[in-house]
Structure formats: structure tokens, C-alpha cells
Amino acid sequence: MARMQKKSDLPTKVCPRCGRPFTWRRKWARDWEQVVYCSERCRRSKSTRPGAADEVG
């Protein structure tokens, strides 16, 4: 059986949309290199700078 890892020992990335750090998840195990956004909401907006999708005009 596999040993448990501390959450602080898992790899992290920073979301280019919201700028928040997010941690590795088990469902991303096979394609962690391709994971870019922290959530579906950020992936759908695909803005490169925080707050750009909220601007009007």
C-alpha cells in the first residue's frame, strides 16, 4: 500500500487567470504537466491577467 504524503509536500502551480496557487490532485495524476488552470471557471475565461474578464467597455 502507498504511503500517505503531507499536502504541503505535493507539487503546486499558480493559476494564470486568478493568480492563486493550487495543489496537485489525484485526478490530475496522469496529466499534471498539461494542467494550467485551477478550476473550470478559470479555464473557461482564459484571461491572462486577473480581473480582465470583469472589465466593461
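1. A salt bridge here means a side-chain nitrogen of Lys or Arg within 4 Å of a carboxyl oxygen of Asp or Glu. E40 and R44 meet that criterion, because their closest N and O atoms are 3.8 Å apart. Note that this is a predicted model.

2. The structure holds two salt bridges. The other one joins the side chains of R43 and E40, at 2.6 Å from N to O. Side chains of opposite charge can pair when their charged atoms come close.

3. Look at the helix next. Helix α1 covers residues 40-45 and contains both R43 and E40. These two are three residues apart, about one turn of the helix. E40 and R44 are four residues apart in helix α1, so about one helical turn separates them.

4. E40 is partly exposed, at 41%. R43 is also partly exposed, with a relative accessible area of 37%.

5. Now the core. The largest nonpolar core has seven residues: C15, F22, W28, W32, V35, C38 and C42. In soluble globular proteins, nonpolar side chains tend to be buried together.

6. F22 deserves a close look. This residue lies in strand β2, residues 21-23. F22 is buried, with a relative accessible area of 7%. Leaving out residues up to four places away in sequence, F22 touches P11, T12, K13, V14, C15, W28, W32, V35, V36, Y37 and C38.

7. One of those contacts is with C38. F22 and C38 are 16 residues apart in sequence, yet their C-alpha atoms are 6.0 Å apart in space. W28 touches both F22 and C38, and its other contacts are T23 and V35, again not counting residues up to four places away in sequence.

8. Which cysteine sulfur is closest to that of C18? The answer is the sulfur in C38, 3.7 Å away and too far for a bond. The closest cysteine sulfur to C38 is, in turn, the one in C18. The structure holds zero disulfides.

9. Are C18 and C38 buried or partly exposed? C38 counts as buried, at 16% relative accessibility. C18 counts as partly exposed, at 25%. C38 belongs to the seven-residue core.

How values were computed:
Residues are numbered from 1 along each chain as its sequence is written. This is a predicted model: local features need pLDDT of at least 70, side-chain atom pairs count only at pLDDT 80 or more; totals for chains, interfaces and linings use all residues. Side-chain values use heavy atoms; hydrogens and water are left out. A nonpolar core is a set of buried Ala, Val, Leu, Ile, Met, Phe, Trp, Tyr and Cys residues joined through side-chain atoms within 4.5 Å. Buried means under 20% relative accessible area, exposed over 50%, partly exposed in between (1.4 Å probe, protein chains only). Contact means heavy atoms within 4.5 Å. A disulfide is a pair of cysteine sulfur atoms within 2.5 Å.
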